[in-house]
Amino acid sequence: QVQLQESGPGLVKPSQTLSLTCTVSGGSITTSHFYWSWIRQPPGKGREWMGAIAYDGDTYYSESLKSRTSISRDTSKNQIILQLSSVTPEDTAVYYCARARTRVILSKAVGSWGQGTQVTVSS
C-alpha cells in the first residue's frame, strides 16, 4: 500500500518561495503510468489542482499557476518536490500530494493521498 507524506515549513513570508516535499513509501515514483500531483485547498474554498509529474518525469501545470510553480522529483529519495514562487497570503492553504492514474485529480475518492500540510503565508 503506497503512502504519501507531505512536509515543509508551515509559515512562509510573502514574496518568498514555498518548498514542500512529498515522501513516498510502499511504491516507486517511477512506476509506470502513475501521475504524482500537488493539490491545495484554501480555507473555505474548494480544492485546486496545481500540477503533476508523471512516472517518466514529464511535468504538467495548471494554467493559472504555471508561471510560479515547479514540480520535480528525487528518485534516489523517492520524493516529489513542489516549489511555488512569489507567494502571497492568497496561497495560504492545505497542500496535498496524491498519486493517481489520471493527470488531474481533485477527489480524494480517486487515487492515494497524503494527509496534507497546512501552509500559511504571512509576514
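This is a predicted model: local features need pLDDT of at least 70, side-chain atom pairs count only at pLDDT 80 or more; totals for chains, interfaces and linings use all residues.
# Reading burial, rings and a disulfide

Reader: Where is S15 placed, and what is its phi?

Author: S15 is in the loop between β2 (11-12) and β3. Its phi is near 80°, a positive value in a residue other than glycine. H33 also has a positive phi, near 70°, and is likewise not a glycine. H33 is found in the loop between β3 and β4, and at 48% relative accessibility H33 counts as partly exposed.

Reader: How many helices and strands does the protein have?

Author: Elements are DSSP runs numbered from the N terminus: helices are H or I with at least four residues, strands are E with at least two. The protein has eleven strands and zero helices. Along the sequence the pattern is β-β-β-β-β-β-β-β-β-β-β.

Reader: What radius of gyration does the protein have, and what would a compact globule have?

Author: The radius is taken over C-alpha atoms, and the globule rule is 2.2 Å times the number of residues to the power 0.38. For 123 residues a compact globule would have a radius near 14 Å, and the protein agrees with this at 13 Å. Its C-alpha trace spans about 40 × 30 × 25 Å along the principal axes. Of the 123 residues, 42% are buried.

Reader: How is a pair of aromatic rings described?

Author: Such a pair is described by the distance of the ring centres and the angle of the planes. Rings of Phe, Tyr and Trp (its six-membered ring) pair if their centres lie within 6.5 Å; planes under 30 degrees apart are stacked, over 60 edge-to-face, and the rest tilted. The count by this rule is two aromatic pairs. In one of them, Y35 and Y60 are edge-to-face, 6.0 Å centre to centre with 70° between the planes. That pair links distant parts of the chain, Y35 in strand β4 (residues 35-41) and Y60 in strand β6 (residues 59-61), 25 residues apart. Y35 is buried, with a relative accessible area of 16%.

Reader: Why is the pair of Y96 and W113 edge-to-face?

Author: The ring centres of Y96 and W113 are 5.5 Å apart and their planes stand at 70°, so the pair is edge-to-face. Y96 is in strand β9 and W113 in strand β10 (residues 112-113), so this pair ties together parts 17 residues apart in sequence. Y96 counts as buried at 8% relative accessibility, and W113 counts as buried at 15%.

Reader: Which charged end sits over the ring of F34, 3.8 Å from its centre?

Author: A charge sits over a ring if NZ of Lys or CZ of Arg is within 6 Å of the ring centre and within 35 degrees of the ring normal. The charged end of R99 sits over the F34 ring, 3.8 Å from its centre. R101 also lies over the face of F34, at 4.1 Å from the ring centre.

Reader: Which cysteines form a disulfide, and why is it right-handed?

Author: A disulfide is a pair of cysteine sulfur atoms within 2.5 Å. A search of the whole structure finds one. It is formed by C22 and C97, with sulfur atoms 2.1 Å apart. The torsion about the S-S bond of C22 and C97 is about 65°, so the disulfide is right-handed. The pair links distant parts of the chain: C22 in strand β3 (residues 18-25) and C97 in strand β9, 75 residues apart. C22 is buried, with a relative accessible area of 1%, and C97 is buried, with a relative accessible area of 1%.

Definitions and conventions: Residues are numbered from 1 along each chain as its sequence is written. Side-chain values use heavy atoms; hydrogens and water are left out. Buried means under 20% relative accessible area, exposed over 50%, partly exposed in between (1.4 Å probe, protein chains only).
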